[in-house]
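Here are my notes for you, written to be read with the model open beside them. I begin with a single residue and then move on to the chain as a whole.

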Amino acid sequence: MDIASPAPAPAAPKPTILIVDDTPDNLKLLSGLLKESYKVKVANNGRKALEIAAAIPAPDLILLDVVMPEMDGYEVCATLKEAPGTRNIPVIFLTGRADEADRERGLAMGAVDYIAKPVDPPTVLQRVAALVPVP
């Protein structure tokens, strides 16, 4: 009499991180850093970021640059926080604007964290994992 082994449980889907930056090298660096543990989506401008964030399923976290042409990160964050479908997505600003006033502005807009560039990879991984644990 053969007793079949139970099938292994399907792997939990990876959480999704949306990276928004107008600099291709930054998108490549951050994607490479996160792709092993997370599903990564990228946008090189604010309008594309809003489109991806509003899609279903929504990202679990958004890493958002501040300085971008046309629509800056503050405007993207404000738009995200106004819309019912995206207001609860956590946002971490990743930016070269590292002074205290910029940090306070970003956090007051609803961002959960603010990381100065150039980014320190272990710091990014720790802060992302604190908000979006890997299953």
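Leaving aside its neighbours within four places in sequence, which residues is Thr86 in contact with?

1. Thr86 and its surroundings. Setting aside neighbours within four places in sequence, Thr86 is in contact with Ala53, Ala54, Thr79 and Leu80, where contact means heavy atoms within 4.5 Å. Thr86 is found in the loop between H3 and S4. Helices here are DSSP runs of H or I with at least four residues, strands are E runs of at least two, and both are numbered from the N terminus. A relative accessible area of 5% makes Thr86 buried; the classes are buried under 20%, exposed over 50% and partly exposed in between, using a 1.4 Å probe and protein chains only. A polar atom of the Thr86 side chain lies 2.7 Å from the backbone oxygen of Leu80. The C-alpha atoms of Thr86 and Pro121, 35 residues apart along the chain, are separated by 26 Å.

2. What you are looking at. This is a predicted model, in which local features need pLDDT of at least 70 and side-chain atom pairs count only at pLDDT 80 or more, while totals for chains, interfaces and linings use all residues. Residues are numbered from 1 along each chain as its sequence is written, and side-chain values use heavy atoms, with hydrogens and water left out.

3. The chain overall. The protein chain has five helices and five strands, and from the N terminus on its elements run β-α-β-α-β-α-β-α-β-α. Its C-alpha atoms fill a box of roughly 70 × 30 × 25 Å along the principal axes. Among contacts between residues at least 6 apart in sequence, 55% join residues at least 24 apart. Buried residues make up 38% of the 135 residues.

4. Two nonpolar cores. A nonpolar core is a set of buried Ala, Val, Leu, Ile, Met, Phe, Trp, Tyr and Cys residues joined through side-chain atoms within 4.5 Å. The largest one has 21 residues, of which Leu18, Val20, Ile62, Leu64, Val76 and Phe93 touch the most other members. Strand S1 (16-20), H2, S3, H3 and strand S4 (91-95) each give two or more residues to this core. A second, separate core of 15 residues includes Tyr38, Val124, Val128 and Val132. As background, nonpolar side chains in soluble globular proteins tend to be buried together.

5. Beyond four places in sequence, Leu64 is in contact with Val20, Gly73, Val76, Cys77, Val91, Ile92, Phe93 and Leu94.

6. Thr16 sits in strand S1 and counts as buried at 9% relative accessibility. Apart from neighbours within four places, Thr16 is in contact with Lys39, Lys41, Pro59, Asp60 and Leu61. Ser31, in helix H1 (residues 24-34), is buried too, with a relative accessible area of 15%. The Ser31 side chain reaches the backbone oxygen of Leu27 at 2.7 Å, and beyond four places in sequence Ser31 is in contact with Ile19, Val40 and Val42.

7. Arg47 and Glu70. Arg47 lies in helix H2 (residues 46-54) and is exposed, with a relative accessible area of 52%. Not counting residues up to four places away in sequence, Arg47 touches Glu70 and Met71. Glu70 is in the loop between S3 and helix H3 (73-82) and counts as exposed at 73% relative accessibility. Please look at its backbone as well: phi of Glu70 is near 70 degrees, a positive value in a residue other than glycine.

8. The ends of H4. At the start of helix H4 (residues 100-108), a side-chain oxygen of Asp99 reaches to within 3.2 Å of the backbone nitrogen of Ala101. H4 is followed by Gly110, whose phi is positive, near 115 degrees.

Methods
Polar contact = N/O pair within 3.5 Å; in protein donor to acceptor, adjacent residues only side chain to side chain.
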